[in-house]
Amino acid sequence: MKKSAIITRRQALVTGLAGMGTLLFQQCSRPTPPNYGNILRMGDNFTYIAQRTLLPGQSLAKEYRFADISSMPATGTTNPAKYSEAYDQLQRNSFADWQLRIEGSVDRPGSLSLDDLKKFISRTQITKHHCEEGWTAIAEWTGVPLSSVLQHAGIKASGRFVNFHSYDGWIDSIDLYDAFHPQTILAYGMNGKSLTVPHGAPVRLRIEKQIGFKSMKYIHKIEVTDEFVDHGDIGWAWYNGI
Ligand SMILES: Nc1nc2c(c(=O)[nH]1)N[C@H]1C(S)=C(S)[C@@H](COP(=O)(O)O)O[C@H]1N2
Ligand SMILES: [Mo]
């Protein structure tokens, strides 16, 4: 009984590895696998391929109750005014002049104000933030689903990745699969109030199926691209599914 269990496990392992090898091969023969060529990022490539190929459909991140909300530290950049004169000016005017630029492989490039974003149907979610440094925190986020904004702009058939540009100079991207996830939102509210400067005002990304640093704060531009551009020069993985 014990022996056959071991054989079964070993067989499963061998079959599994062979299967993964085939998947890896199939995926790598596609035109532009994310990160392909960056040897330091081959590990997260594998996670990406496994998740995208093996997980059927979109699963939701756990949502919590109001009573579960915890305190959340503000980390990384907590005020981009020192990096950006433009941000400093916007902040002085309570972000009344803030505009989100949308460009790249879209049919209708343009800009949306905070009021424009608030006209879309909003989504509120209480979720757990997982920082790559090990801490977690639960907060309530309100914003517009990224999918609504992307549909409003109209993604061209060639579009494959969504790049975010931030006032502190961060540039990062996600694929369309994560971009259209129902819990991927451009958040302008936190715990029932307007998003504060330390947490990314006026608008930040909340992407609940990836680790904390992917939820980019202080966004000013969204750019849809046809090909993966590796902006990662800070040594973190590009794909960080949780
Ligand atoms: N533009 C920008 N986005 C960012 C960061 C940053 O420094 N700049 N830090 C990231 C990291 S590492 C984490 S854990 C969260 C922190 O969000 P918080 O400051 O609201 O807790 O934002 C992420 N998004
Ligand atoms: Mo983080």
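A: Two strands pair if DSSP finds at least two bridges between them. Helices (H or I, at least four residues) and strands (E, at least two) are themselves DSSP runs, numbered from the N terminus. The model is predicted, so local features need pLDDT of at least 70 and side-chain atom pairs count only at pLDDT 80 or more, while totals for chains, interfaces and linings use all residues. Residues are numbered from 1 along each chain as its sequence is written, chains are lettered from A and ligands numbered from 1 in the order in which they are written, and side-chain values use heavy atoms, without hydrogens and water.

Q: What makes E1 and E2 a pair of strands?
A: Strand E1 (residues 99-104) and strand E2 (residues 110-113) are joined by four bridges and run antiparallel. Four bridges meet the DSSP requirement, so the two strands pair. Leu-100 stands opposite Leu-112 in E2, and the hairpin formed by E1 and E2 has five residues between the strands.

Q: In which sense do E1 and E10 pair, and over how many bridges?
A: E1 and E10 pair in the parallel sense over four bridges. Glu-103 has Glu-223 in E10 as its bridge partner.

Q: How do you know that E5 pairs with E10, and what is its arrangement with E6?
A: E5 and strand E10 (residues 219-225) share six bridges in the antiparallel sense, with Val-162 and Val-224 as bridge partners. E5 also pairs with strand E6 (residues 171-175), antiparallel over five bridges; here Phe-164 stands opposite Asp-172. The hairpin of E5 and E6 has four residues between the strands, and in it Gly-169 takes a positive phi near 95°.

Q: Why is strand E5 called mostly covered?
A: Buried means under 20% relative accessible area, exposed over 50%, and partly exposed in between (1.4 Å probe, protein chains only). In E5 (residues 161-166), six of six residues are buried. Phe-161, Asn-163 and His-165 point one way and Val-162, Phe-164 and Ser-166 the other, and all are buried. For the protein, 45% of the 242 residues count as buried.

Q: Why is Ile-185 called buried?
A: Ile-185, in strand E7, has 0% relative accessibility, which is under the cut-off, so it counts as buried. A contact means heavy atoms within 4.5 Å. Not counting residues up to four places away in sequence, Ile-185 touches Arg-123, Gln-125, Trp-141 and Arg-206, among others.

Q: What puts Tyr-188 and Thr-77 in the buried class?
A: Tyr-188, in strand E7 (residues 185-190), has a relative accessible area of 11%, so it is buried. Its contacts beyond four places in sequence include Leu-114, whose C-alpha atom is separated from that of Tyr-188 by 8.2 Å. Thr-77, in the loop between H2 and helix H3 (85-92), has 14% and is therefore buried too. Beyond four places in sequence, Thr-77 touches Tyr-83, Asp-168, Pro-198, Lys-217 and Tyr-218.

Q: How does the reach of helix H2 compare with the expected value?
A: The expected span of a helix is 1.5 Å times one less than its number of residues. H2 (residues 42-54) has 13 residues and reaches 18 Å from its first C-alpha to its last, close to the 18 Å expected.

Q: What makes one space a cavity and another a pocket?
A: On a 1 Å grid over the protein atoms alone, a cavity is a set of points where a 1.4 Å probe fits but cannot get out, and a pocket is an open set with protein on both sides within 12 Å along at least five of seven lines; lining residues have an atom within 4 Å of a point. One cavity of 30 Å³ or more is found, and the largest cavity holds about 40 Å³. Strand E3 (residues 123-130) gives the largest share of its lining, three residues. The largest pocket has a volume of about 310 Å³. Of its 22 lining residues, Thr-75, Gly-76, Trp-170, Phe-213 and Lys-217 are the closest to its centre.

Terms used: Points joined across faces, edges and corners; volume = space filled by probe spheres on them.
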